Amino acid sequence: MREAVSSGDIILDASGVMRTTVSFFDEALLIFDAIVRETGDESLRLVYRDAKAAQSLKSIPKLRGLNLVELASGDWIISK
């Protein structure tokens, strides 16, 4: 994820994923939050592509102090 910062949004593509575990998603959010803190760039966004398999996890970003917007495409945009 750190390597993706230079190209703007950090994209996690869940296309074809049948299920996302709480631990994987939470770890991804922790890493994203650390990147935002390290870079000081609060405009960074984590784009979770095709997040259909993660519907039960929608409350986790808020617990981490992050915002989540769900797009009609099924993508989630997570930001500080």
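The secondary structure of the protein chain consists of two helices and four strands. Read along the sequence, these elements follow the pattern β-α-β-α-β-β. The radius of gyration of the chain is 12 Å, close to the 12 Å that the globule rule gives for 80 residues, so the chain is as compact as a globular protein of that length. Taken along the principal axes, the box filled by the C-alpha atoms is roughly 35 × 25 × 20 Å.

The model is predicted, and its confidence can be described for the chain and for individual elements. The mean pLDDT of the protein chain is 87, and 98% of the residues reach 70 or more. Confidence is lowest in strand β1 (residues 10–13), with a mean of 86. The highest value, 94, belongs to strand β3 (residues 67–70). Where pLDDT is low, predicted coordinates should not be read in detail.

Contacts and burial were examined next. Among contacts between residues at least 6 apart in sequence, 66% join residues at least 24 apart. Of the 80 residues in the protein chain, 38% are buried. The chain exposes about 4800 Å², of which carbon and sulfur atoms supply 52%.

The largest nonpolar core contains 19 residues. Those with the most contacts inside this core are Phe25, Leu29, Phe32, Leu46, Tyr48, Trp76 and Ile78. Two or more core residues are given by each of the elements β1, α1, β2 (45–49) and β4 (76–79). Helix α1 provides the largest share of the core, namely six residues.

Trp76 illustrates how parts of the chain separated in sequence are brought into contact. When neighbours within four places in sequence are left aside, Trp76 is in contact with Phe25, Leu46 and Tyr48, among others.

A second residue considered individually is Asp26, which lies in helix α1 (residues 22–39). Not counting residues up to four places away in sequence, Asp26 touches Ile60 and Arg64. Asp26 and Ile11 are 15 residues apart in sequence, and their C-alpha atoms are 15 Å apart in space.

Methods. Residues are numbered from 1 along each chain as its sequence is written. This is a predicted model: local features need pLDDT of at least 70, side-chain atom pairs count only at pLDDT 80 or more; totals for chains, interfaces and linings use all residues. Side-chain values use heavy atoms; hydrogens and water are left out. Contact means heavy atoms within 4.5 Å. pLDDT is the predictor's confidence in each residue, from 0 to 100. A nonpolar core is a set of buried Ala, Val, Leu, Ile, Met, Phe, Trp, Tyr and Cys residues joined through side-chain atoms within 4.5 Å. Buried means under 20% relative accessible area, exposed over 50%, partly exposed in between (1.4 Å probe, protein chains only). The radius of gyration is taken over C-alpha atoms; the globule rule is 2.2 Å times the number of residues to the power 0.38. Accessible areas come from the Shrake-Rupley method with a 1.4 Å probe; for residues, only the protein chains shown count as cover.
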